[in-house]
Amino acid sequence: MPQEPTHLVVMGVSGSGKSTIAELLRKRLGWDFAEADEFHPEANIRKMTQGTALTDEDRWPWLRAMQAWMTEHAAVGESTIVTCSALKRTYRDLLREADGVVLFVHLDGDPAVIGERMEHRSGHFMPKSLLPDQLNTLEPLAPDEGGIRVSIEQTPEEIANETLERLGLA
């Protein structure tokens, strides 16, 4: 296990399986976990529910709230897992400002598979109509960003296993 607090940001477009994978990682690691959606102000949720894409101005307070949550946990020596689309490098740069080590787990796959998943899930405010905007906004992890890309075209258990092995947390 890591010596200093580590934060895993499970990232990717809506429908890529962030919540499912983060929950599996939480169970295996025992780290505190939060959904990025918990940090959205009500105005952001209203916009997305209406099918309106968020602007960068909408996202900055949301990202700062997640970064503060990670830093609060690091201050007491705790590692965390958070789901977050983290579509742009500038967003990930802000999250990396959290105290501790911030690693990204980019869940990536065929947009058709992701769209199919979105059609069959319930209880989420993000409509499938916003998927193209997310895919166009997505800037894949660069080699210097501290993280891994994992294909979603395997079982959730296989994704969690691969994640833990590749990050040295198995």
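Predicted model: local features only at pLDDT ≥ 70, side-chain atom pairs only at ≥ 80, totals over all residues.
Reader: In which sense do strand 2 (residues 32–35) and strand 3 pair, and over how many bridges?
Author: Residues are numbered from 1 along each chain as its sequence is written, and side-chain values use heavy atoms, with hydrogens and water left out. Strands (E, at least two residues) and helices (H or I, at least four) are DSSP runs numbered from the N terminus, and two strands pair if DSSP finds at least two bridges between them. Strand 2 and strand 3 pair in the parallel sense, over four bridges.

Reader: Which residue of strand 3 is the bridge partner of Val9?
Author: Strand 3 also pairs with strand 1 (residues 6–11), in the parallel sense and over four bridges. Glu35 has Thr83 as its bridge partner in strand 3. For Val9, the partner there is Val82.

Reader: Are the residues of strand 3 (80–83) buried or exposed?
Author: In a regular strand the side chains alternate between the two faces of the sheet. Here Thr80 and Val82 point one way, while Ile81 and Thr83 point the other way. Buried means under 20% relative accessible area, exposed over 50%, and partly exposed in between, with a 1.4 Å probe and protein chains only. On both sides of strand 3, the residues are buried.

Reader: What about strand 5 (residues 147–151): which residues make up its covered face?
Author: Strand 5 pairs with strand 4 (residues 101–108) in the parallel sense over five bridges, and Arg149 is the bridge partner of His106. Arg149 sits on the uncovered face, along with Gly147 and Ser151. The covered face is Ile148 and Val150.

Reader: Setting aside neighbours within four places in sequence, which residues is Met66 in contact with?
Author: Contact means heavy atoms within 4.5 Å. Met66 is among the core members that touch the most others. Its contacts beyond four places in sequence are Ala36, Phe39, Val82, Thr83, Cys84 and Leu95.

Reader: Why does Asn44 count as buried?
Author: Asn44 lies in helix 2 (residues 42–49). Leaving aside neighbours within four places in sequence, Asn44 is in contact with Leu54, Asp58 and Trp62. Asn44 counts as buried because its relative accessibility is 3%.

Reader: How many aromatic pairs does the count come to?
Author: Rings of Phe, Tyr and Trp (its six-membered ring) pair if their centres lie within 6.5 Å; planes under 30 degrees apart count as stacked, over 60 as edge-to-face and the rest as tilted. By that rule, the count is two.

Reader: What kind of pair do the rings of Phe39 and Trp69 make?
Author: Phe39 is in the loop between strand 2 and helix 2, and Trp69 is in helix 3, 30 residues apart. Both are buried. Their ring centres are 6.1 Å apart and the planes stand at 65°, so the pair is edge-to-face.

Reader: And what is the relative accessible area of Tyr91?
Author: Tyr91 in helix 4 is linked to Trp60 in helix 3, 31 residues apart. Trp60 is partly exposed, with a relative accessible area of 23%. Tyr91 is buried, and its value is 1%.

Conventions:
Core = buried A, V, L, I, M, F, W, Y, C linked by side-chain atoms within 4.5 Å.
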